[in-house]
Amino acid sequence: MSAYSLDDAPLNSFHKKLAVYSSGGPFLDGYVLSIIGLALVQIGPEFGLTAMQEGLVGAAALIGIFLGAFLGGWLTDIFGREVLYTVDLVAIIALSVAQFWVDGFWWLFVLRLLIGMAVGADYPIATSLLAEFTPSKSRGPLLAMLQVSWFVGAAAAYLVGDLLTHFGGDGSWRWMLASAAVPGLIIVVMRFGTPESPRWLLQKGRVDEAKAVVAKVFGPNATIDQLPAEQEEEQAGLAKLYRSGYLGRMMFVSVFWTCSVVPVFAVYAFGPRILEALGLTGGLENVGSALITVFFVAGCLVAVVLINKIGRRPMLIQSFLLSGIALLALSVFPASSAPVVLTLFGLYAVLIGGAQVLQFVYPNELFPTEIRGSAVGLASSLSRIGAAIGTYLVPLALTVIGIGPTMLLAAGVTLIGFLVSVTWAPETKGLSLDEASSVDRARRSKAASRTS
């Protein structure tokens, strides 16, 4: 192998553009999940929805992500990243427009479910593609930046939804739901022409195509010999996760991902309802939701800056612990003044940033190319089970047990994430993609640390 490795190459314009293009999936996820919270304010009375039906509509996209993420990951490991990179967004555009004509609960639920499937499919496709192209020093920050786009999408949804609420009249919810097609179309156009992952091409024996992609991305003097080879581990194949040693990694990623998204998705699906229950009324609930989104973005940006400085493991542990304390305070003081409520929610939003950005970093680093898409998709799917259940239960919890106990449950989920991270979180800072994804290397490292 050449002494020079493409894993040590500097960032170029292609990597930066790919990061922007890949951020489209998380952006749309944040947008479609958040816009439904505002739309339901009108949809509920118009369709006469019960609390259970509202919960199902709010959770439908999450259920769809559960189905679509694993399916998309499995397909991208078989057929490659390139084609599916745009096909899934075309589906989101068509389904978003179709929501304009819904006339009842079931029609809306099915469309939201299908949109979630398309959004979920994009997670393993886009993140695998970005991870496999990006040099190791930039991999963590660029993958982490994808999560920032989720909150940017959520903020955009609140802004668009609030404008349409004020100027669109009683039927503005139809325009809210259909509006996701606009950013979707922009992202599809940007993604056209993105090349296939050379790592995936090599796994499939398509050497000449891999050579062409490497030369195009890294320059005419770059060769596939400079692309770090992944170790051949006999356990490759998603069906052999248990025997391979990757089951432990899958459990860790799935549980920490679940604990980090359950409270956040519940807040975004029913943000105005939650803030109204905490005493923010008269329009403050929508403004407060948008403001909290700003804090989420700020927290993720701080995490992006720190991820290569303090490491993945310390960041995850501290993020869960401190944000859980903030939610615990909200559960103890649910009747506080608006400034206090917004401050505590803001603290939670900033402090959970570390756990949020690591949702895309850890899964892509801990699994090899052959099963990366499938593993990321499976972890994303499993995390959405808890997220869907939590989102579905929010309106029921607010009605039955009240806001204080509801926030206490959210704090409990977050602190479970803290305990799981203390027990299982590995450190992958500074490792190449093949080093981070090798179970054998991790075993040797642990054995060496025990004997030293």
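**Cysteines, salt bridges and core**

Reader: How many disulfides are there by this rule?

Author: The count comes to zero disulfides, where a disulfide is a pair of cysteine sulfur atoms within 2.5 Å. This is a predicted model, in which local features need pLDDT of at least 70 and side-chain atom pairs count only at pLDDT 80 or more, while totals for chains, interfaces and linings use all residues. Residues are numbered from 1 along each chain as its sequence is written, and side-chain values use heavy atoms, with hydrogens and water left out.

Reader: And Cys-259, is that buried or exposed?

Author: Cys-259 is buried, at a relative accessible area of 7%. Cys-300 is buried too, with a value of 0%. Buried means under 20% relative accessible area, exposed over 50%, and partly exposed in between, using a 1.4 Å probe and protein chains only.

Reader: Changing topic: how many salt bridges does the structure hold?

Author: The structure holds eight salt bridges. A salt bridge is a side-chain nitrogen of Lys or Arg within 4 Å of a carboxyl oxygen of Asp or Glu. In one of them, the side chains of Arg-81 and Glu-132 meet at 2.6 Å, N to O.

Reader: Which parts does that pair tie together?

Author: Arg-81 lies in the loop between helix 3 (51-79) and helix 4 (84-98) and Glu-132 lies in helix 5, so the pair ties together parts that are 51 residues apart in sequence. Helices (H or I, at least four residues) are DSSP runs, as are strands (E, at least two), numbered from the N terminus. Arg-81 and Glu-132 are both buried.

Reader: What else does Glu-132 form a salt bridge with?

Author: Glu-132 also pairs with Arg-372, the closest N and O atoms being 2.8 Å apart. This links distant parts of the chain, since Arg-372 is in helix 18 (residues 369-400), 240 residues from Glu-132 in helix 5.

Reader: Now the largest nonpolar core: which residues touch the most other members?

Author: Ile-43, Phe-252, Leu-316 and Leu-358 do, out of 122 residues in that core. Helix 5 (residues 105-133) gives the most to this core, with 15 residues. A nonpolar core is a set of buried Ala, Val, Leu, Ile, Met, Phe, Trp, Tyr and Cys residues joined through side-chain atoms within 4.5 Å.

Reader: What is Leu-358 in contact with?

Author: Leaving aside neighbours within four places in sequence, Leu-358 is in contact with residues including Phe-256, Ile-307 and Pro-363. Contact means heavy atoms within 4.5 Å.
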